[in-house]
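User: Please take a close look at the metal site. Then go through the other local features.

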Amino acid sequence: MLTGKRIRLLPTSEQETLFRKSAGAARWAYNHYIDMQKETYTRYVASGGKRREIHPRGRDTSTYHPRFENPRAINGSAKWAATSSNRPSRTPTGAMRGFFTKNRFFPSSKSRKRSKPSFYVNYESLRRMNGGFRGERIGFVRTSEPLPKLRDGEHYLNPHISFDGKYWYLSFAYDNHIIPPRTQKNGVSVGVDLGVKELAVCHGTDGTDTTMRNINKTRKARNLERRLRRQQRKAARQRAHNIDHYQTITGKDGKPARKPVWTRPLEECRNLNKTNRRIRLTQRKLDGLRDNHIHQMTAMLTKTKPARIVIEDLNVSGMMKNRHLADSIAKERFFEIRRQLEYKCRREGVRLTVADRFYPSSKTCSNCGNVRGKLTLRERTYKCEQCGLRIDRDLNAAINLAEYVPAAIGELKPAERYGKRK
Ligand SMILES: [Zn+2]
């Protein structure tokens, strides 16, 4: 089974400098490619075409797909540029493909300040060593744990080195030769209701109920968020102190805009840079806290090896449009939960069922099957009008999900499909 792995590196300070330069070269190459794509795309659209592919078949591509120049040729013969730019167009090509085939936005450029520094390492020459690994043009790098052993002729796939604001990591995929167990035919079905109040309320058909709390409502997360806000205010204040006067420029929309002129160049403001560094570290801590929490939750769900796990098909982007919910949903990272459930279920031999988007898991009574017309988010207790059942709203939804039976597709319209259950 193909598995991803991320290992912390223990680089020397010279290596760290090399990493930083390589990440810079990779970013440059990425942006250069995106710029070229933008130019050719604009030209093509202007000429009346509507390009849906990066390399249109059966046509002369040279006119609107210029050759990618290696930055080594442009930037001089810097040794470090070669580390990361010998395969510069793979990531941006993926981004362009997303734009053409998946209706994503046109890929944006990577920013020196905001983007995560990362670069590719040649996979063919990457070797596992005692206490670390050897990479092309990087040399021997110490790691905090050994790389997994590979069989003869195998490689670590798509290795990248990246920086998370505190440490450097090597990440890659490899085959661990573990064959995932077959899914059980009979057994427990677990319904998982993801929510804003609690992260997840789970119900198993064997009668076990579990609740995973929402980490963002704990004291630890709240304290960190408060610390982050305080530091961000501080940075804003320090930046404001450095403004000499404003300059009027033409903004992106063509209207006049104000641009501050700094008293001192920003990179010389050591106290501001110190604050910015602290902001990044706090943000990193918060991310780690949330990340760890959902990993624990998805592991807990799959480790008991039920026959099946049922989750809702959450319309996350639709929910993000609700401004009262957007922030808390973004922090809970529902999409990431689903991604983790998908691969962990595969690993443990659990079937993952995603309930139909129109399946009324919250509106249905888990006792008699009556479907209520309306249920507001404020109603925390489900009260059945027919059998008089009073039950926690999220638990009710979890029970319904655990007993979910996929309807035959094409028989009825979604609205009609789930009427009264018998
Ligand atoms: Zn009822």
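Analyst: Four donors count as tetrahedral if all angles lie between 85 and 135 degrees. Donors are N, O and S atoms within 2.8 Å of the metal (3.2 Å for Na, K and Ca), and because water is not among the atoms, sites may look incomplete. This is a predicted model, in which local features need pLDDT of at least 70 and side-chain atom pairs count only at pLDDT 80 or more, while totals for chains, interfaces and linings use all residues. Residues are numbered from 1 along each chain as its sequence is written, and side-chain values use heavy atoms, with hydrogens and water left out.

Start with the zinc ion. Its donors are the SG atoms of Cys365, Cys368, Cys384 and Cys387, at 2.2 to 2.4 Å. The arrangement is tetrahedral because the four donor atoms subtend angles of 107 to 111°. The ideal for four tetrahedral donors is 109.5 degrees. Along the chain, the zinc donors are spaced C-x2-C-x15-C-x2-C. Cys365 sits in the loop between strand S14 (351-354) and strand S15 (381-383), and Cys384 in the loop between S15 and strand S16 (390-392), so the pair ties together parts 19 residues apart in sequence. Strands (E, at least two residues) and helices (H or I, at least four) are DSSP runs, numbered from the N terminus.

Both of these cysteines are buried. Cys365 counts as buried because its relative accessibility is 0%. Cys384 is buried too, at 7% relative accessible area. Buried means under 20%, exposed over 50%, and partly exposed in between (1.4 Å probe, protein chains only).

Next, the second largest pocket. Its space is about 810 Å³. A pocket is an open set of points on a 1 Å grid over the protein atoms alone, where a 1.4 Å probe fits, with protein on both sides within 12 Å along at least five of seven lines; lining residues have an atom within 4 Å of a point. The volume is the space filled by probe spheres set on the points. The lining has 28 residues, with Glu312, Leu314, Met319, Ser362 and Arg393 nearest the centre. Strand S8 (189-194), helix H7 (316-320) and helix H10 (393-402) each give two or more residues to that lining. H10 gives the largest share, four residues. By class, twelve lining residues are nonpolar, six polar and ten charged. Asp, Glu, Lys and Arg count as charged; Ala, Val, Leu, Ile, Met, Phe, Trp, Tyr, Cys and Pro as nonpolar; the others, Gly among them, as polar.

Now S8 itself. Ser189 belongs to this strand and is buried at 9% relative accessible area. Its side chain makes a polar contact of 3.0 Å with the side chain of Arg308. The Ser189 side chain also reaches the backbone oxygen of Ala402 at 2.6 Å. A polar contact pairs N or O atoms within 3.5 Å; within protein, one must be able to donate a hydrogen and the other to accept it, and residues adjacent in sequence count only if both atoms are side-chain atoms. The C-alpha atoms of Gly191 and Cys202 are 5.5 Å apart, across eleven residues in sequence.

Last, two backbone angles. Most residues other than glycine have a negative phi. His177 has a positive phi, near 60°. His177 lies in the loop between strand S7 (168-175) and S8 and is partly exposed at 32%. Arg137 also has a positive phi, near 65°. Arg137 is in the loop between strand S4 (132-135) and strand S5 (139-143), partly exposed at 41%.

Note on methods
Four donors count as tetrahedral if all angles lie between 85 and 135 degrees; four count as square planar and six as octahedral if opposite donors are over 155 degrees apart and all others between 65 and 115; anything else is irregular.
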